[in-house]
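Hi,

Here is the structure I promised to pass on.

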Amino acid sequence: MVRRAAALAALALLVVAGLARAQDVVLEASVDRPTIYENESFTYIVRVEGALSGEPDASPLERQFDVLSRASSSRVQIVNGRASQVAEWTYQLMPKGTGEFTLPPLRVGNRMTNPVTVEVLPAPVAGDAPADIFMEVSTETTQVYVQSQVVYTLKLFVGVTTGRATLTPPEIAGGEAIVERLGEDRQYQTARGGRDFIVRERRYAIFPQEPGTLTVGPVTFEAMVIPNRGFSRVQRFRSGTVELEVLPAVPPPASIGDATWLPATALTLSERWSDAGAPLAVGVPHTRTVVVEADGLLETQLPELPIGSTEGIRQYPDQPELDREVTERGLRARRTERFAVIAQQSGRLELPPVELPWFNVTEGRWEVARLEPRVLEVEPAAAEPAPAAAPEPAAAPAPPVVVERPGIWPWVSAALAAGWLVTLLLWWRSSRALRGGREPAAAGAREGGHGGRRAVLKRLRAACAANDADAARRALLEWGEIRFPEADPRSLGALAALLPPAAGREVLDLEAHIYGAARRPWDGRGLAAILKELDAAERPGRARKSDSLAPLYR
């Protein structure tokens with residue numbers, strides 16, 4: 001057993017050493033937020049991905065900032081099957097004045113970090129002495145389009161020791177809205193009214209689903225308050241509210257009258273090809289990857305990309321990948337679609353352009369993201385190889401052939417591949433067991449009472465027969481809540497992403513009718529014809545996470 005453990009440890013060291021030699025080095029500096037107030041601390045992070053010896057020299061920072069604390073960490077992370085060595089150094093900084101400052105590049109080994117700019121604003125004018133605990137809420141704007149994003153920011157100021165703290169999401173009143181938390185909380189120090197506070201900042205992306213007035217908040221904070229003097233007690237604090245004016249969808253121009261309503265701050269299309277630069281040959285598949293990225297949208301709002309057809313070329317789509325990331329401006333949604341492209345004939349062939357209309361909420365106008373047409377030079381299929389000519393007699397005996405031994409790395413690669421296969425098998429077995437355990441509960445929810453699946457489908461059929469789009473939308477969302485209780489789809493776009501392609505297209509057509517172009521009579525026959533497929537659809541959603549807080553001032 002001891003020999004086996006030693007062998008495994010040696011193998012792990014060899015793998016890490018091989019990764020370190022092959023891995024590119026990425027060095028990056030960043031801050032947790034670019035705008036701060038005087039007497040507020042902020043976090044400065046230096047991150048190295050790859051093998052780079054040495055530590056940052058933080059002395060240049062001390063000219064403009066007080067270094068309150070510093071910490072470091074290192075780990076090996078695996079992303080998309082690729083292992084990488086990561087080291088981070090974290091600094092809590094307090095500015096020495098107001099204005100715009102540039103954190104200078106720091107040296108790490110033989111590399112330099114990038115400069116980072118922060119703006120320090122004057123401290124807010126203090127009125128009466130603040131309470132021990134209070135909250136401030138704000139939004140970037142008070143006017144927003146339906147189904148577009150508004151970022152809601154909560155700042156919790158705590159000046160005493162607390163324990164067993166919880167913080168609720170913002171309440172929503174006046175209409176429906178999807179609320180998504182943006183990343184982890186930010187924590188820093190500040191001064192108000194001559195007192196020091198620890199601030200916990202939390203952000204949410206809110207997507208109103210109906211035009212009108214939407215009230216966001218309050219948020220409730222509850223904690224065991226432990227004062228310097230007196231008895232500890234549980235206290236509850238509530239924030240103020242913010243009212244939003246939700247504008248209706250803007251109909252698209254006549255040239256794109258069937259466009260899906262996509263209200264975003266930015267939207268781009270990009271593509272890449274496997275074996276980029278290599279010529280295509282008849283019958284040889286190549287992979288075309290098309291990516292749409294949008295700022296200020298949920299990934300479930302991004303529609304299927306309109307890929308046109310070309311005579312002589314066939315494109316076979318794969319299952320699309322939906323993803324999101326949190327940025328300083330909120331959510332960035334991403335939809336990745338891959339196609340196996342196979343040429344059927346040789347010559348000069350042209351793929352048509354790819355166009356996706358969207359509404360720019362910043363400029364208040366419709367725009368079209370576009371991939372230009374692509375010309376492909378296709379070669380004929382490779383011919384059968386000609387028989388090899390007989391070799392001429394050698395004038396002299398050939399020198400001996402020296403065969404090099406492959407060394408240890410093929411064995412290391414084989415061991416890693418075997419480990420991945422075992423991990424994949426265990427994951428597949430556990431996911432099957434997990435799905436099996438959830439089925440009975442889900443089935444019970446679908447068959448339950450007057451509000452169960454059958455009653456909702458009956459109302460949905462009636463709405464389709466009456467061509468009542470609004471009633472069909474309400475019934476679909478109620479059905480989605482029963483069918484996908486963990487995903488809890490609150491919009492037609494979110495529901496469409498959980499359904500098979502044919503059913504999803506009908507749901508998106510209904511959404512486009514309600515929120516897109518000018519209202520006209522809706523034909524419910526298409527949705528009615530697909531109800532059997534809706535009734536058979538099965539796909540679990542995602543579980544919600546708790547909003548409990550770690551104690552402050554421990």
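To start with a charge and a ring: which charged end sits over the ring of tyrosine 188? That of arginine 33, which lies 3.3 Å from the ring centre. The rule here is that NZ of Lys or CZ of Arg is within 6 Å of the ring centre and within 35 degrees of the ring normal.

Some housekeeping before the rest. This is a predicted model, so local features need pLDDT of at least 70 and side-chain atom pairs count only at pLDDT 80 or more, while totals for chains, interfaces and linings use all residues. Residues are numbered from 1 along each chain as its sequence is written, and side-chain values use heavy atoms, with hydrogens and water left out.

Now the aromatics. There are 14 aromatic pairs in the structure (rings of Phe, Tyr and Trp, the last by its six-membered ring, with centres within 6.5 Å; planes under 30 degrees apart are stacked, over 60 edge-to-face, the rest tilted). One of them joins tyrosine 44 and tyrosine 91: the centres are 6.2 Å apart and the planes at 40 degrees, so this pair is tilted. Tyrosine 44 belongs to strand E3 (residues 42–49) and tyrosine 91 to strand E5 (residues 82–95), so the contact ties together parts 47 residues apart in sequence. Helices (H or I, at least four residues) and strands (E, at least two) are DSSP runs, numbered from the N terminus. Both tyrosine 44 and tyrosine 91 are buried (under 20% relative accessible area; exposed is over 50%, partly exposed in between, with a 1.4 Å probe and protein chains only).

Tryptophan 261 and phenylalanine 359 make another tilted pair, at 5.0 Å centre to centre and 35 degrees between the planes. Here, too, distant parts of the chain are linked: tryptophan 261 is in the loop between strand E21 (242–247) and strand E22 (263–264), phenylalanine 359 is in strand E30 (residues 354–360), and they are 98 residues apart. Tryptophan 261 and phenylalanine 359 are both buried. They also belong to one aromatic cluster with Tyr145 and Trp366.

On to salt bridges (a side-chain nitrogen of Lys or Arg within 4 Å of a carboxyl oxygen of Asp or Glu). The count comes to 32. Among them is arginine 192 with glutamate 136, whose closest N and O atoms are 2.8 Å apart. Arginine 192 sits in strand E16 (residues 186–192) and glutamate 136 in strand E10 (residues 133–139), 56 residues apart. Arginine 192 counts as buried at 14% relative accessibility, whereas glutamate 136 is partly exposed at 30%.

Arginine 365 and glutamate 367 also meet in a salt bridge, 3.1 Å from N to O. Arginine 365 is partly exposed at 43% relative accessibility, and glutamate 367 is partly exposed at 22%. For a network of salt bridges, look at Glu293, Asp295, Asp323, Glu325, Arg332 and Arg334, which are linked in one.

Last, a sheet. Four strands form an open sheet in the order E11-E21-E18-E14, with mixed pairing (two strands pair if DSSP finds at least two bridges between them). Strand E11 (143–145) and strand E14 (172–173) stand at the edges with a single partner strand each, so one side of each has no neighbour in the sheet. E11 and E21 run parallel and are joined by three bridges; glutamine 143 has glutamate 245 in E21 as its bridge partner.

Cheers
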